[in-house]
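Work through the exercises below with the model open. Try each task before you read its solution.

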Amino acid sequence: QIMSEEDVISRLSRVFAVMEEHNIPATFFEVTSALAFLHFAESKVDVVVLETGLGGRLDATNIVKSPSISIITSIGLEHTQILGDTVELIAKEKGGIIKPGRPVLVGPNVPHEVLRQCAEEKAASGYYTVEDILGIDEVMGAGKKFMVGSKVLHDYDKENARIAKAALLILQRQQQNGETT
């Protein structure tokens, strides 16, 4: 259910009051993250699917210390001024969402060696690729690229759907094994 305008006004004023009381400067994303967390807590939600901002080590969503699973989708050259100017540096930053004792699932286009090292350093309970869980996508193939002229086409909706399905299967296995999610 979408938060009502009245709830946004009420909760946002409380977020701003705490920020002022404790002299906390915050970005727009940090303020809206705080608003969302307050909403989740007061609404007593059962499950939250939480997407990071820039993603990674310094992200506001890192306040969640023990998520059921951390997911890192494909990594490209984005936010290079903040996260780094290579896919490997960006991956290391994004690996900051990996938590001890919790599984991590990664999309197909990531530097696995960097993220596996992050998972080991953080003592993640498992490192999974979508292919580990679902097998190779018969249509997309393993690393298959579709070209139109010199342009590479990629179906991110399909990729993200496969990542979501794999995540749900990991969570289902955890629940069946009596592991806390």
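**Exercise 1. Decide whether Phe 37 is buried, partly exposed or exposed.**

Step 1. Take the cut-offs: buried is under 20% relative accessible area, exposed is over 50%, and partly exposed lies in between (1.4 Å probe, protein chains only).
Step 2. Phe 37 has a relative accessible area of 24%, so Phe 37 is partly exposed.

The model is predicted: local features need pLDDT of at least 70, side-chain atom pairs count only at pLDDT 80 or more, and totals for chains, interfaces and linings use all residues. Residues are numbered from 1 along each chain as its sequence is written, and side-chain values use heavy atoms, leaving out hydrogens and water.

**Exercise 2. Describe the aromatic pair formed by Phe 37 and Phe 40.**

Step 1. Rings of Phe, Tyr and Trp (its six-membered ring) pair if their centres lie within 6.5 Å; planes under 30 degrees apart are stacked, over 60 edge-to-face, and the rest tilted.
Step 2. The centres of Phe 37 and Phe 40 are 6.3 Å apart, and the planes make 80°. The pair is edge-to-face.
Step 3. Phe 37 and Phe 40 are 3 residues apart in helix α2 (residues 28–43), so about one helical turn separates them. Helices here are DSSP runs (H or I, at least four residues), numbered from the N terminus.
Step 4. Count the pairs: the structure holds 1 aromatic pair.

**Exercise 3. Classify the crossing of α1 and α2.**

Step 1. Axes are lines fitted to C-alpha atoms over the stretch in contact, and angles run from 0 to 180 degrees between N-to-C directions.
Step 2. The axes of α1 (residues 5–21) and α2 come within 9 Å and cross at roughly 120°.
Step 3. Angles under 35 degrees are roughly parallel, over 145 roughly antiparallel, 65 to 115 roughly perpendicular, and the rest oblique. Therefore α1 is oblique to α2.
Step 4. Find the contact, meaning heavy atoms within 4.5 Å. Among the residues that meet are Leu 12 and Phe 16 in α1 and Leu 35 and Leu 38 in α2.

**Exercise 4. Classify the crossing of α4 and α5.**

Step 1. The axes of α4 (residues 87–94) and α5 (residues 112–121) come within 9 Å and cross at roughly 25°.
Step 2. So α4 is roughly parallel to α5.
Step 3. List the contact: Glu 88, Ala 91 and Lys 92 of α4 with Val 114, Leu 115 and Cys 118 of α5.

Key: Helix = DSSP H or I, 4+ residues; strand = E, 2+ residues; numbered from the N terminus.
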